[in-house]
Amino acid sequence: MFKPQAMDKVELLIPEQEVVRVTEALAASGVFHHVPTRQINLAVPADHTGEWHTWAADFVALERRILIVMEELHIDEGAPPTQTPHIIEPRVAERDIERLEHEAETPVRELEAAQRRLVQLQKYVSQLEPIAGLDVDLGALRDLRYTFVLLGSMPAANIERLESSLEYIPFVLVTLRREYHLATVMLFGLQQDAAILNRAARSAYLNPLNPPEDYRGTPAQAIAALRAGIERTREHIIEHQTTIAHLHEACVRHLRHLLWRVRASCALAHTIAGYERVRRAYLVTGWVPTASYTALEQTIAKVSDKVAIEILKPRPEDAGRIPAALRNPPLVRAFEGLVTTYGQPGYGELDPSPVLALTFPLVFGLMFGDVGHGLLLLLVGLLLASRKITALRSMSNAGIVVALCGVAAMFFGALYGSLFGFEDVFPALWFRPLEEITDILLFAVGVGAALLSLGMIANSINAALARRWGRFVFNRNGLMGLIFYWSLLGMAARAFGVTLPLSSNVLTLAAFISGVGITFATFFERLIDHRRPLFEDGVGLYMALALVELFETLIGLLSNTLSYVRMGAFAVAHGALSMVVFIIAGIVGKQSSLGYWIVVVLGNLFVIGFEGMIVSIQTLRLEYYELFGKFFSGGGVAFQPLTLIPSHKMSTD
């Protein structure tokens, strides 16, 4: 559980005619981590080897066309298939897509045209309504020989501007209707001044009303004809929508299946394009968990008996490239996302997820101790983890983390005697942080010292796993660093009158010996690991840097330890903030009043939301910078089994 699964490096030689079936089998196995290899000079001519690259590009374009058709027919992608669809050739998929595009194109285009026409007709009606009572033929207005007439709408604020610009031109401007900032107007002038009038109207943002030629007669008659046209257009829209709905029902399964089939084919083409081509065969390299190798071999044998598979001995250049497959129970697995946010665990080193699963709720609960607040966090976490809310299903792992933090908050809340900020409901099983500030701060330092020691122990284990014995013994976060740290803690404890089984002389001697080990850590590491030279830049410079290294270690341990004081400070702040809520509630009204309890409820919600967020950030900071920095490098490669079903954001009906 604490170490990633053991990995075997495997190499497969796949005949050309079997490459598709075998690749599908590798993806279906769910245990093969493919490593794309460099193309070698033994490959066949480029036009043949580039076929899979061409197919991959074709599939990308085909996927885009499918998504456009699905968008037009209001079809979502649906859930990914449980089984990988078989590959389809680009030309076959293109014929299918062209047929679907043709079926969807006509009703969709006609619907869009009808919707645009409806908007335009409604706009004409709204512009004609202010002059509905005029007994004037609109056609006659268009055909006037000597008089210029312009009907339209414009910003009301621009009316004065329009009149000013036409100061020396004979005109009449009639405001027919004014609504908010928009006015419907009619501009009259001489036909010989039409160009000037049009230019002035445009500068004032007058939008002219130009109803179609077939809507003639008086404004009232034109409005009646327009409304009849609106009704006909709405009927056409309903007809087109019905046709599209029928197409939706008829094509939804086919389009989704085709989409995922094209995506799977695209992934397969990309994968095969990354293989090495050796004459009429493909050379494939990858990693498989040792426990799954036999099952993979059997899976391939069922597909083809012509594939040669061999376990290879890892080469020196493979160091740092071996993928790490984490294996944790569900509760611990929920914390893997927080670990990989910091960095990917490397192969052959400890997986920090179990450490984080233990320490994260502990640190959070210590700072956020309240039975009531923890209970609400537990309920919210269980709701998220249950995946009952469709929109929040992706947060199920976060729900487990929140629930465990809620349990820890309830535990420390019982120790502190706090329930929704009330401290008189039940007695504290330990003490109340507000009343014993020194004790909670010292306890926080003690917890911090324990966590830092845990980080150093983990670093020593990582060094032992890597067989780097110099680092195991002499590193500042190794065995000598741990002894040095514990010696300093022991001397500090004795200085404050704490009785310890070890005397001051023993602690001082341990600190001195371990300090010397840390000071000359690089020298001892090179000596043990048989690396030369022992002093790269000369003895004098090394001695100066070594003393600086020791001083930096001492300051680092002190600052790291004191960083955990914030846990106690936040525990005190949590109680103080709850006290402030009750003070404000008392100002609003008596305890028996409604206003008092409204403030208490809202105040508790604020404490849970605001302080909960701040405490979460501080907990994460302590984990990342104080604990992980002691043993976790985060430079590994994630184990990603080959799959032909790409990860996409899904939405389901």
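## Helix α17

Helix α17 covers residues 479-495, which makes 17 residues. The expected span is 1.5 Å times one less than the number of residues. Helices here are DSSP runs of H or I with at least four residues, strands are runs of E with at least two, and both are numbered from the N terminus.

This is a predicted model: local features need pLDDT of at least 70, side-chain atom pairs count only at pLDDT 80 or more, and totals for chains, interfaces and linings use all residues. Residues are numbered from 1 along each chain as its sequence is written, and side-chain values use heavy atoms, leaving out hydrogens and water.

The buried residues of α17 are Met480, Gly481, Leu482, Phe484, Tyr485, Ser487 and Gly490. Buried means under 20% relative accessible area, exposed means over 50%, and partly exposed is in between (1.4 Å probe, protein chains only). In general, an α-helix has 3.6 residues a turn, so residues three or four places apart point the same way. Gly497 follows α17 and has a positive phi, near 90°.

## The four-stranded sheet

Four strands make an open sheet in the order β4-β5-β3-β6, with antiparallel pairing. The edge strands are β4 (171-179) and β6 (207-208), and each pairs on one side only. Two strands count as paired if DSSP finds at least two bridges between them. Strands of a sheet pair through backbone hydrogen bonds, either parallel or antiparallel.

Strand β3 (residues 147-155) pairs with β5 (residues 182-190) over nine bridges, in the antiparallel sense. Leu150 has Leu187 of β5 as its bridge partner. Leu151 has Met186 of β5. Strand β3 also joins β6, through two bridges, again antiparallel. There, Gly152 is the bridge partner of Pro208. Seven of the nine residues of β3 are buried, so this strand is largely enclosed by the rest of the structure.

## Aromatic pairs

The whole structure holds 20 aromatic pairs. Rings of Phe, Tyr and Trp (its six-membered ring) pair if their centres lie within 6.5 Å; planes under 30 degrees apart are stacked, over 60 edge-to-face, and the rest tilted. Tyr342 and Phe628 are edge-to-face, because their ring centres are 5.3 Å apart and their planes stand at 80°. This pair links distant parts of the chain: Tyr342 is in α11 (residues 336-342) and Phe628 in α22 (residues 594-631), 286 residues apart. Tyr342 is partly exposed at 31% relative accessible area. Phe628 is buried at 0%.

Phe411 and Phe412 are also edge-to-face, because their centres lie 5.3 Å apart and their planes are at 80°. Phe412 is buried, at 4%. One aromatic cluster is formed by Tyr342, Tyr624, Phe628, Phe631 and Phe632.

Elsewhere, Arg263 lies over the face of Trp260, 4.9 Å from the ring centre. A charge sits over a ring if NZ of Lys or CZ of Arg is within 6 Å of the ring centre and within 35 degrees of the ring normal.

## Ser418

Ser418 is in the loop between α14 (396-416) and α15 (437-465). Ser418 is buried, with a relative accessible area of 6%. The Ser418 side chain makes a polar contact with the Asp370 side chain at 2.5 Å. A polar contact is a pair of N or O atoms within 3.5 Å; within protein, one must be able to donate a hydrogen and the other to accept it, and residues adjacent in sequence count only if both atoms are side-chain atoms.

Leaving aside neighbours within four places in sequence, Ser418 is in contact (heavy atoms within 4.5 Å) with Gly369, Asp370, Val371, Gly372, Gly413 and Phe426.
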